[in-house]
Amino acid sequence: MTISIKSTIFICLFSSIINTAYTQQSIPQKVDALLKKMTLAEKIGQLNQYNGDWEATGPITTDVGNKLDAIKRGEVGSILNIVGVQHTKVFQEAAMQSRLKIPLLFGQDVIHGYGVTFPIPLAEAASWDMAAIEKSARIAATEAASGGVHWTFAPMVDIARDPRWGRVMEGAGEDPYLGSLIATARVHGFQGMGLGNLDAVMACAKHFTAYGAAIGGRDYNSVDMSLRTLWEIYLPPFKAAADAGVGTFMNSFNDLNGIPATANRYLQHDILKEKWGFKGFVVSDWGSMGEMINHGYVKDNYEAAEAAINAGNDMDMESRSYINNLAKLVADKKVSVKVIDEAVGRILTKKYELGLFSDPYRFSDADREKRVLNAPEHVEAAKDIASKSIVLLKNEHQLLPLSKTLNSIALIGPLVKSKKEMKGFWALNVGDEKEIVSLFEGMQQAAGKTKLLYAKGCDITDTSRAGFAEAYKIAMQADVVIMAMGERPDMTGEAKSRSDIHLPGVQEELIKEVMASGKPVVVLLMAGRPMVFNWTADHVPAILYTWWLGNQAGNAMADVLYGDYNPAAKLPITFPRTEGQIPIYYNHFNTGRPARNDNDVNYTSAYIDLPNSPKYAFGYGLSYTTFKYSNLRFSKKSMLKKETITISFDLQNTGKYPGEEVAQFYLRDMVSQPIRPVKELKGFQKVMLQPGETKTITFIIDKEKLAFYNDQLERITQPGEFRLMIGSASDDIRLQDSFELTD
Ligand code: BGC
């Protein structure tokens, strides 16, 4: 009896497998079958992406009516900058009138939130909190997907060592290790449980590559760098994104060592698709294909299309080089149908994976859109990560946290009452101002019986001092002064490079004026990049760097000011003393004549008019409590390549507030060929400790942590001494010792 039940089940299962095999094709089979039905023109259409009817980072190039007609003719594979269930539906309906009814893919720059705006990515990076960063991307994806968006052009994973570059706000800072973890977290966040789920959007690792190393920090500028630096510093976050399963890559506007990224076969074909085995597709940056004419790399769009497609660029964002030239390039035998099929196949695969062929309108559910957008739990999460992004730069005499029993606080500065500014650049869905909490409103909520006084004092970039007297007057009336100063949000972002990154206008003059009142002053600095503010840094007792924190900015700032949240963020990028130090980064080489300290300028690698050290180092950030590092132990002091060493130490909260510390672990390879940096971040742990509590922290050193690229770009290890450094910042090492790699 038992046997017969088992065999019945087996027969049923077997026949169902057989049936499935006959009736259900795999995605590669479906893609092949569809490719066979497509004309060359239809294939080329899939490689073509148009902007919608909304101007973002480039002009609207065709009117909507023409665009809908082109979609009906099968000439468009994807549209960007069309959002919202109703809106996307109109365009998808046009695609459903094309001969093969291939659905459109809707792309959008969902960079730090969709309905609810989260802190700018650089701010989130300061949290060093991968769970929070992933959650922020997860929520952004849930909201965007409910608004009909299939694909976000994020995360930007460009390493940036130059705060003049406006797009520094959009990445994770200067470090390849931290940047790789954040790239992974963001890809996981956006893509959730995987493409095909209704709350997942396809992610896009951009800009491939080295875009952040633009000479002089000027956006779109050339990049000239050794391949070793490329592999050591700039590629790791892209590799991490690929390993995390990112669906797409976007190439970049810059040339790399003379070859525009858009036509760079070494990058797109050899590294990405061959070496890393990336199965998704590559989209160009906006018009970057056509810009190769300006680069002087090709003479016209015909040559641009040829160079790009043969280099591995699959989709053309808004240059029209593919749609206008690929058919002729095939006829002229400059581009093979095989190359086109491969590109189209990659794009169709993603459309299948997203489930668009089964139901092209599956992301078009108006009820869901209403339910999901700006949900209360999204707002709560935005506040949580905003608090986690605020860096405490200075806190003399424990001025912070503020007491709740103060009689009065003066709120001074051009950003005290700002609302939409809190969103920063790349917040494309501006939404309702009512949903954004200014610092003033956050303080009103939190201040209880404390009287709040307000004076603007000055504007951000204006030079008028007309408001100084009023600011001084209210400072004199208050127990404590809080000043909200910074950039305008449109002073960072795309095409927003600055040669002068000082606190703009007369803001530092206003700070001096208010400090003359003798009252305790807390300065909040809001910006999308590291700024220069030396007088403030040297004279003001308490400073918080708040970046742009998004919708919940005011509440998060108030929480930190009152100590309802104890700040734990650490700088993901070095803050220079002046622009003259740029590029400046912690993981530099030692040189043959290293300066022993900031005064050691006698024929050393130093400036005679400026210390070498930055104003604030990578990894720096204070807490309201203090931490003691002690008792460094090694499981052993030498290792073979196949072995590991476990190191541990004790971390104690020695202050009076519960708080988190980001304990950082750096290594230096003391002798190697080629040479290695003075310090490289290899691990960190964010640990919560109650006052007096001690925890043991453990890191494991394995071969991979000791490996690097030699001059042949092979990843190797070399035996010898390594210096291990544990600390609270890259320039605040508390414990160190050496160990050996012996083979
Ligand atoms: C930017 C990209 C962005 C694209 C679409 C370009 O100008 O460089 O990062 O995704 O526009 O908006």
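## First stop: Arg676

Select Arg676, which sits in the loop between β20 (659–669) and β21 (680–689). Helices (H or I, at least four residues) and strands (E, at least two) are DSSP runs, numbered from the N terminus. The model is predicted, so local features need pLDDT of at least 70 and side-chain atom pairs count only at pLDDT 80 or more, while totals for chains, interfaces and linings use all residues. Residues are numbered from 1 along each chain as its sequence is written, and side-chain values use heavy atoms, with hydrogens and water left out.

Is Arg676 buried or exposed? Arg676 is buried, with a relative accessible area of 7%. Buried means under 20% relative accessible area, exposed over 50%, and partly exposed in between (1.4 Å probe, protein chains only).

Now show the side chains around Arg676. Its side chain makes a polar contact of 2.8 Å with the side chain of Glu680, and another of 3.4 Å joins the side chains of Arg676 and Glu232. A polar contact is a pair of N or O atoms within 3.5 Å; within protein, one must be able to donate a hydrogen and the other to accept it, and residues adjacent in sequence count only if both atoms are side-chain atoms. With neighbours within four places in sequence left aside, Arg676 is in contact (heavy atoms within 4.5 Å) with Arg228, Glu232, Phe589, Asp669 and Phe708.

## Asn710

Next select Asn710, in the loop between β23 (708–709) and β24 (715–716). Asn710 counts as buried, at 9% relative accessibility. Residues up to four places away in sequence not counted, Asn710 touches Arg228, Pro674 and Ile716. Arg228 is also among the contacts of Arg676. Draw a distance from Asn710 to Pro674: the two are 36 residues apart in sequence, and their C-alpha atoms are 6.2 Å apart in space. A polar atom of the Asn710 side chain lies 2.8 Å from the backbone nitrogen of Gln712.

## The domains

Colour the chain by its domain assignment: domain 1 (39–368), domain 2 (383–579) and domain 3 (627–742). These bounds come from an automatic or database domain assignment. How far apart are the centres of domain 1 and domain 3? Taken over C-alpha atoms, the centres of domain 1 and domain 3 are separated by 36 Å. Between these two domains, 13 residues of domain 1 are in contact with 17 residues of domain 3.

## The ligand

Select the ligand and the residues around it. Which residues come nearest to the ligand? Of the 13 residues around the ligand, the nearest are Asp109, Arg167, Lys206, His207 and Asp285. A residue is near a molecule if one of its heavy atoms lies within 4 Å of it. The shell is made up of six nonpolar, two polar and five charged residues. Ala, Val, Leu, Ile, Met, Phe, Trp, Tyr, Cys and Pro count as nonpolar, Asp, Glu, Lys and Arg as charged, and the others, Gly among them, as polar.

- From a polar side-chain atom of Lys206, the distance to a ligand oxygen atom is 2.8 Å.
- From an N or O atom in the side chain of His207, the distance to a ligand oxygen atom is 2.7 Å.
- From an N or O atom in the side chain of Asp285, the distance to a ligand oxygen atom is 2.6 Å.

The ligand taken alone exposes 310 Å², and the protein buries 100% of that. Such areas come from the Shrake-Rupley method with a 1.4 Å probe; for residues, only the protein chains shown count as cover.

## Helix α22

Move to α22 (residues 553–562), a mostly covered helix in which 10 of its 10 residues are buried. The cover over these buried residues includes α17 (376–389), β12 (408–412) and α18 (439–446). Just after α22, Gly563 has a positive phi of about 80°.

## Backbone details

Select Phe208 and Thr209, which are joined by a cis peptide bond with omega about 0°. Thr209 is placed in the loop between β5 (204–208) and α9 (227–234). Pro583 is in the loop between α22 and β17 (627–634).

End at Trp426, in the loop between β12 and α18. Trp426 is not a glycine, yet its phi is positive, about 65°. Trp426 is buried, with a relative accessible area of 6%.
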